[in-house]
Amino acid sequence: MRGNQIKLPQLGWLEYIKSREIPDGFVVKQARIVRKASGYFVMLTLECDVLVPSPVPSGHPLGLDLGLDKFVATSDGVLIERPRFLQVLHRKLKLLQRRLKHKHKGSSNRHKLNRKIARLHQRIADTRKDWQFKLAHKLCDDAGMMFVEDVDFRTWAKGMLGKHTLDAGFGQFIEILKWACSKRGVYFEKVNKDYTSQVCPQCDTHTGKKELKDRVHSCPECGYTTHRDVAAAQVIRNRGETALQEGFPPQATANPKGISGLLSQPGRKCLWRRSSGDGKPSS
Ligand SMILES: [Zn+2]
């Protein structure tokens, strides 16, 4: 790299517009060319020799449940809807795509419309990302520790919920959330996802499978009643807290039949524990 030029394999020296300076102490690790509707981009991966301490688990615990109905429910009872402006943009996109049918193949009108659709796709992606960043920071405002379900959204996306799940961009949001937490000193951890919607957060009783239409968690044992997604978020928070209290070393693995536990890192094996009878208080 020199000035505003970058040398790429096979392409040689190319001029580019720097969107920001490379900070001191960083070296370029990798360059990727990305083609977007608005042009070609060079994405640089930087590396620096500093160890960033991971946040210590402390402070207010927050469990998050991601879903198709509400985008996020928190264990504090906050429900976050999918933003309306994204729905509006999606409708606009559908309209344009329908119009495409009436354009002749190879015509310049069709070409123009295709460009327009590509730009709108890009705008939707950018807008969604922006919204997710803001949401992640907002969630960090109220939390010292953040717990989410360990769901592989790529496999989820292949299931029957396919299209919606991809649209919702859960996987991207989790990545953004993780990043925001590390920036803000909030401890972040994934917990076992099994039965989060079937357990009572107050008394740990298995309340059975809820249908999609069942919007309320109402425990036959202890009478605890709340929004079903909030209940799931509270179960997730409890699991995170319990696993922390029991001080599992991050690498241990054990009995995969328990119903709660803490995962060290995505992709690694899970830690599990049998849930104990005494319910944890929930707010
Ligand atoms: Zn209960």
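1. A hairpin connects strand E3 to strand E4 by way of two residues. Strands (E, at least two residues) and helices (H or I, at least four) are DSSP runs, numbered from the N terminus. This is a predicted model, in which local features need pLDDT of at least 70 and side-chain atom pairs count only at pLDDT 80 or more, whereas totals for chains, interfaces and linings use all residues. Residues are numbered from 1 along each chain as its sequence is written.

2. E3 covers residues 26–36 and pairs with E4 in the antiparallel sense over 10 bridges; pairing requires that DSSP find at least two bridges between the strands. Gly39 in E4 is the bridge partner of Lys36.

3. A residue counts as buried if 20 or more other C-beta atoms lie within 10 Å of its own, as exposed if 12 or fewer do, and as partly exposed in between, with C-beta atoms placed from the backbone.

4. Helix H6 (residues 228–245) is mostly covered, 14 of its 18 residues being buried. From first C-alpha to last, H6 reaches 26 Å, close to the expected 26 Å at 1.5 Å a residue; the expected span is 1.5 Å times one less than the number of residues.

5. The protein has six helices and 12 strands, and 24% of its 283 residues are buried. Of the contacts between residues at least 6 apart in sequence, 56% join residues at least 24 apart; a contact requires C-beta atoms, placed from the backbone, to lie within 7 Å.

Terms used
Contact = placed C-beta atoms within 7 Å.
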